[in-house]
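Please look over the model below together with its sequence.

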Amino acid sequence: VDMRDDARKRKRDAIAIDENLERFRAWCEDVGIVTNDDALEIRSLKSDDEFADDRRHYAVFAKRAIEIGETLFEIPKSCVLCGKNSRAHGEAVEGARLGGGLALNVVAVGELFGDDETAREAKGFWDGFRAILPRRGERSLPMFWDAELRDELRGTELAAHLSEDDEAFDEDFETCRDALGEETANAMGLTLETFKAAASIAASRAFYVGGEYGECLVPCADLFNHRTGTNSVAVYGVEDDDDSDDSDGGDSGDTLVIKAVAEAKAGEELFNTFGEQSNASLLHKYGFCEFHNEDNVTVNLDVSLFEDVYGREKMHAVYDAMKVSLQSAEEERKQSLLDFFEAGKYYEITGANGVEDEFFALVEKIKDALVEVENKKVETNDVFEAIIDARLARYGAEAEDTIDEGGRPPAGGGVVGRQAAKLVRLQEMRLLNRVRQ
């Protein structure tokens, strides 16, 4: 009985979600979005990940061979979601002088989540677009994770940012409420929960259209998934396009045009890459990681690691000794090294390029200063290894050697949630061990 009930539920969910996609497609036709249906297939995919709920992920595939330069979508700027196009709350946002990401977040709350009478009437326009958006926000983003799941990120570059994000969201939320006024904020349904839900959708989907539109949610453009090193399409018509871009993609007037920039075979998925980013960055902004993204792994080295190894008091003495030793150095080089202590400068280790050359020069200077401060022999290699070991120590226990690639991945591939956190941690530790060796 349970199995039959589960099967019936899955069937009902599939029908409901397919209806959501059909509602979206019908809405696109109503608002004037042109889709190259001869060339494209939009697939609705169910994921087995821990954040799936009852939602689907979407992906764009080639029905037939696609040539470079083919137009895939034409999207009137009148149907991108932004302050200018907000039917319910555009005037309120403009009056509150909110701009950029804050304006988009507030508008998204009012148009997608608000429940006042004005919003209900206006949301009819966006109803078809809302049908395919996650109802509670992009829950795979670490901003929604609990303490136990966030602990899987311990030691990573991302872990340090999450608590800062929490504070920033609280501040941004209060800024928006204060600017709008309590009555307006309450009327549009602006709570911390709806603000974070809208912000998560904007973070993972927004495009910069520019001009009077600014940051926007762009229907159809957000159907393409990311894959590092693979880009199939480009969006033309943004307000800050240069003349050469316009000549390839049409004018930058009232329409955004999505064109193929790479050939595709029938059955291949089309991607719109989000750029070369580390898995920590992809997880932070989009909620997923990729197994093949080793070259973009990044670990930062800052002065706090030297303080972990040698203590703050000794590093103050090292800094003083370095200033004396650098007095005759070229001013630019001198300041570049001292900024490590004075201005929060840090150096990067990346999967593709290893350790920045200047960091080795800095370690050499710190080693010389340590010899003077400690009055004993110190080897440069010992300093470097001690710093790498200090960075590794921040991860705590050893990470798992492998990450399970089983289960059905979300659209576009990759992993989310706990597996993504483990992958970020494992890749950073592997990189550090590699450069140490």
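## Basis and confidence

This is a predicted model, in which local features need pLDDT of at least 70 and side-chain atom pairs count only at pLDDT 80 or more, whereas totals for chains, interfaces and linings use all residues. Residues are numbered from 1 along each chain as its sequence is written, and side-chain values use heavy atoms, with hydrogens and water left out.

The chain has a mean pLDDT (the predictor's confidence in each residue, from 0 to 100) of 87, and 85% of its residues reach 70 or more. Confidence is highest in strand β4 (residues 71–76), at a mean of 98, and lowest in helix α9 (residues 243–249), at 43; helices (H or I, at least four residues) and strands (E, at least two) are DSSP runs, numbered from the N terminus. Over residues 241–250 the pLDDT is below 50, and beyond near neighbours in sequence this stretch has 10 contacts in the model, a contact being heavy atoms within 4.5 Å. Where pLDDT is low, the predicted coordinates should not be read in detail.

## The four-stranded sheet

Four strands form an open sheet in the order β1-β4-β8-β7, with antiparallel pairing; two strands pair if DSSP finds at least two bridges between them. At the edges lie β1 (34–35) and β7 (233–236), each of which pairs on one side only. The partner of β7 is strand β8 (residues 255–260), which runs antiparallel to β7 and is joined to it by four bridges, with Tyr 236 opposite Val 257 in β8.

Strand β3 (residues 57–62) is mostly covered, since six of its six residues are buried, that is, under 20% relative accessible area, where exposed is over 50% and partly exposed lies in between (1.4 Å probe, protein chains only). His 57, Ala 59 and Phe 61 point one way from β3, while Tyr 58, Val 60 and Ala 62 point the other way.

β3 pairs in the antiparallel sense with strand β2 (residues 40–45) over six bridges, and Ala 62 in β3 is the bridge partner of Leu 40. Strand β9 (residues 269–270) also pairs with β3 in the antiparallel sense, over two bridges, and here Val 60 has Leu 270 as its bridge partner.

## Helix α13

In helix α13 (residues 331–342) the buried residues are Lys 334, Ser 336, Leu 337, Leu 338, Phe 340 and Phe 341. These buried residues pack against β10 (298–301), α11 (303–310), α12 (312–325), β11 (347–350) and α14 (357–374). After α13 comes Gly 344, whose phi is positive, near 70°.
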